[in-house]
Amino acid sequence: MLNFIKAILQNRRMLWSLAKNDFKQRYLGNMLGVIWAFIQPTVTILIFWFVFQVGFKAQPVDDFPFILWLITGMFPWFFFAEALSNGTNSIVANNFLVKKVVFRVSLLPIVSLMTALAIHIFFICFMFAMFIYYGHSAEIYWLQIPYYLFSLSILLLGLSWLTSSIVVFFKDMGQFVAMMVQFGFWLTPIFWSMKMVPEKYHWIVQLNPLVYIIDGYRNSMIYHKWFWNDINMALYFWAVTATIFVIGGLTFRRLRPHFSDVL
């Protein structure tokens, strides 16, 4: 772990350069360029807002406008879906670095994570602006957002190590990840509330570590709860995250010597 952190610091300029190039390459050739990275999530939010608030006349959730309640769940999910999907393909997409350049390949998923993070930070600022626009002044609880962002990033790094190393040998992993992202969206309380689920089944929903993140964003922005108020959920999340992180790291390390042969 110490060597990995040291490698990040030593290669920080290269990581930054790769992240910028990755960001540009995704939208190269489009008239609006990188603006599409922000348009697509915004349009998705507007569609959900129109369908549920305008069409189905969704009522305020816990005295908060539905759109505010919705974005606190949607924005972290966008970050998760974007980072995991691109992280899964980070090795295959940068095979030239694996085959021809002396480079610490385990850093490649971080490049995809940084790209998604840049977009997510924009939407965090947009979320703050939305709350202020609706008359909710900044609260000290908002300072918890970086903690939940860091927590989600560690989870994503472990998952990306695992999926990106497997997809080199098993191409269907990319499709499997895409399918799980779709299922995960509907199984995570993003646009539906846990209050809709009988309390005796809450523990099943909470097995999903992303529930901790989504609830964390809402606790910071809406319910004004500190992350230590539910220490059991925090311990469970970090136990799951640490397990995934270790398994992902070990899997990546074990398969890494064979990447160049397969690619």
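**Close-up 1. Phe176 in helix H9 of the predicted model.** In this predicted model, Phe176 is found in helix H9, which covers residues 172–187. With a relative accessible area of 43%, the residue Phe176 counts as partly exposed, because that class lies between the limits of under 20% for buried and over 50% for exposed. Together with Met179, Met180, Phe183 and Leu187, Phe176 makes up a nonpolar patch on the surface, and the accessible area of these residues together is about 520 Å².

**Close-up 2. The largest nonpolar core, with Ile71 and Phe131.** This core holds 55 residues, of which Ile71 and Phe131 touch the most other members. At least two residues of the core come from each of helix H3 (36–55), helix H4 (66–88), helix H7 (108–133), helix H8 (145–167), H9, helix H11 (210–223) and helix H12 (231–255), and H4 gives the most, with 15 residues.

**Close-up 3. The surroundings of Phe131.** When neighbours within four places in sequence are left aside, Phe131 is in contact with Phe64, Leu68, Ile71, Thr72, His136, Trp142, Met221 and Ile222.

**Close-up 4. Thr241 in helix H12.** Thr241, which belongs to helix H12, has a relative accessible area of 1% and is therefore classed as buried, the cut-off for that class being under 20%. Not counting residues up to four places away in sequence, Thr241 touches Ile154 and Leu155.

Notes
Residues are numbered from 1 along each chain as its sequence is written. This is a predicted model: local features need pLDDT of at least 70, side-chain atom pairs count only at pLDDT 80 or more; totals for chains, interfaces and linings use all residues. Side-chain values use heavy atoms; hydrogens and water are left out. Patches are made of residues with over 30% relative accessible area and no salt bridge: like charges are joined within 9 Å, nonpolar side chains (Val, Leu, Ile, Met, Phe, Trp, Tyr) within 5 Å. Accessible areas come from the Shrake-Rupley method with a 1.4 Å probe; for residues, only the protein chains shown count as cover. A salt bridge is a side-chain nitrogen of Lys or Arg within 4 Å of a carboxyl oxygen of Asp or Glu. Helices (H or I, at least four residues) and strands (E, at least two) are DSSP runs, numbered from the N terminus. Buried means under 20% relative accessible area, exposed over 50%, partly exposed in between (1.4 Å probe, protein chains only). A nonpolar core is a set of buried Ala, Val, Leu, Ile, Met, Phe, Trp, Tyr and Cys residues joined through side-chain atoms within 4.5 Å. Contact means heavy atoms within 4.5 Å.
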